[in-house]
Amino acid sequence: MSFFFEVLVAGLLSGVMYALVALGFVLIFKASGVFNFAQGAMVFFAAATYAGLQQEHHLAAWIALPLALAAMVVLGLAIERVVLRPLVNQPQITLFMATIGLAFFIEGMSQMFWGSTPRGLSVGVEDQPFQWLSDRYNVNVSQFDVFAAVISGILVVLLALFFQRTRIGRALRAVADDHQAALSVGIPLQYIWAIVWAVAGFVALVAGLLWGARNGVGFSLTFTALKALPVLILGGFESIPGAIVGGLIIGASEKIAEVYLGPHVGGGIEGWFAYVIALAFLLVRPEGLFGERHIDRV
Amino acid sequence: MLYREAGQFKTTYAADQQIFPIRQDRIAVLALVFVAFAVVPWVANQYWLSAILIPVLIFSLAALGLNILTGYAGQLSLGTAAFMAVGAFAAYNLDLRVHGLPLPLVLVLAGVFAAAVGAVFGLPSLRIKGFYLAVATLAAQFFIVWALVKFPWFSNDSSSGVITTQKMRLFGKVLDTPAQKYLFTLTVVALLALAAKNMMRSPTGRAFMAVRDMDVAAAVIGIPLMRTKLLAFAISSFYCGVAGALYAYAYLGTVEPEGFTLDLSFRILFMVIIGGMGSILGSFLGAAFIVLVPIGLNVSTQWLNGVLQSGLQWSLPGSLTSNLELMVFGGLIIFFLIVEPHGLARLWQVGKEKLRLWPFPH
């Protein structure tokens, strides 16, 4: 039983990490209707920039962090200006394909700047189990996972406050609701989009640091985005709580399936199991758990 | 002056519905086919045939398949490479386990297998659309590659799923020179392209386009959505499956499931976007473009490196080319989507329109 519990907790905690990446997608989708496939590449770029600044230029963390954040904000603004603004009013699927191109571009760019050899990254918390938990209850829970979950929780609360309590947050929700109506009451659309992309860059940086500290900063970080996609379709593209709940469900069921189902079919099912769960959910609720139901009109 | 259809009158419906209604087009296409079949195999050297022409043809076929699904029927798929893998492994197993099956039949059956798998993974398209569907097709991509690696039966118990294809035999003759492989590939691709061109002009193709433009409206005018969408997935996967079989047999010779990555799927999607969505010609243009760009980049960075080394005693880092390739691909996709969403095929059309008037201003 304690083993099951251990697997469940590990799954839930890694689910929080998925949710963190998914959050970046949701933010942009809510505000601009763009499904940003480049989020994974942005996570990679953020982590590579931070690790590169710290290790190649020997900067202290408190200098490297704001610099990396600045780089992400500039990147977000540049994407908004160069890619999205000319594509306003195009079908969503066109925007999606543009972000696939963007993902390739950012991947190439970050490897060109920071090299393609993977680096280690430390955020000061080791990936070791809590001693007292394993001593007393014989349950291994990684300190790092808990740390990551706490950071993610703080981030979600901050974003929720930002969306609900601030003037800009209100404008963001208005834009998400209806572009035209938002424009007509005088909300500057492009300014809002720029902010959203900058915030998404910030979320990517946090996700990049946590994922980078866990798995190393390398090209494989871009695959975190692929992990976040089933989370999104399960939770619904428009919902921040959906991203969190979806992340938890995917993380837990994936780990449990890997441990209990994996040995029967040869293992390695983590790669696709999440998608199958998400698909099963979609057959019941095509807009995801918390997504908005759209009515088609001719 | 040369490219005018003035004076070409159509007196029958059949003449009016030709694939190429303009005489000059017909002559040009026939000339192109003649050159491709009769001149190129004699003129092109081994490198050109096996490193450029054969892959361009095979990728054209795969891009054509994806174009039917994405460009004509409007269902975005990110699992193209997986359907190619199904075709490749189906062909290998058919050849291995059924004795004396002729090669054309092997290709057709491989395509049919891929079509069946494609139709199964197309089932979610009945409920979901847009990028929900795109994400769902990723399930196909990961699941199929995983299954091909995990179950050794597919690769006849070879380690990590690597297969080395059998020799291609056609009517008792072994096709082993690049020129023979090229001719075989060209024949298959030409036939399938002709079939696709006609299919897209038929009620099937028009139903696809209606579903693409607005599926609710299509359903209202009596197009069966389920059948049309599944058919689009099946036909598209058939083309991808045949392309995958050719990819294994005529191009690489040795393939493994992990060679059919998501990256390959994206590359084929790029061919469709750059070539032109909803255009048969575009699939060919896009495939040629995507195959040639890395080669061009490689040659130009090598040249630049030579110049830099002799002039400044300084050389570019080795990984530059691959990173530059990523950036160029990404940049081009964005560029095309912004500037010319209908791709190279549209540029070609604009060029033809201009040619009709040339040299007069109006």
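Me: Does H2(A) pass H10(A) in a left-handed or a right-handed crossing?
Reply: This is a predicted model, where local features need pLDDT of at least 70, side-chain atom pairs count only at pLDDT 80 or more, and totals for chains, interfaces and linings use all residues. Residues are numbered from 1 along each chain as its sequence is written, with chains lettered from A and ligands numbered from 1 in the order in which they are written. Helices are DSSP runs (H or I, at least four residues), numbered from the N terminus. With the near helix turned clockwise from the far one by less than a right angle, the crossing of H2(A) and H10(A) is right-handed.

Me: Which residues of H10(A) make the contact with H2(A)?
Reply: A contact needs C-beta atoms, placed from the backbone, within 7 Å. H2(A) brings Gln39(A), Gly40(A) and Val43(A). Facing them from H10(A) are Phe223(A), Thr224(A), Ala225(A) and Leu226(A).

Me: How many residues of H10(A) are buried?
Reply: Buried means 20 or more other C-beta atoms within 10 Å of a residue's own. Among those in H10(A) are Thr224(A), Lys227(A) and Gly235(A). H10(A) is mostly covered, and the count of buried residues is 11 of 13.

Me: How many residues does chain A give to the contact with chain B?
Reply: Chain B gives 34 residues, with H6, H9, H11 and H13 of chain B each giving two or more. The number from chain A is 36.

Terms used:
Two residues are in contact if their C-beta atoms, placed from the backbone, lie within 7 Å. A residue is buried if 20 or more other C-beta atoms lie within 10 Å of its own, exposed if 12 or fewer, and partly exposed in between; C-beta atoms are placed from the backbone.
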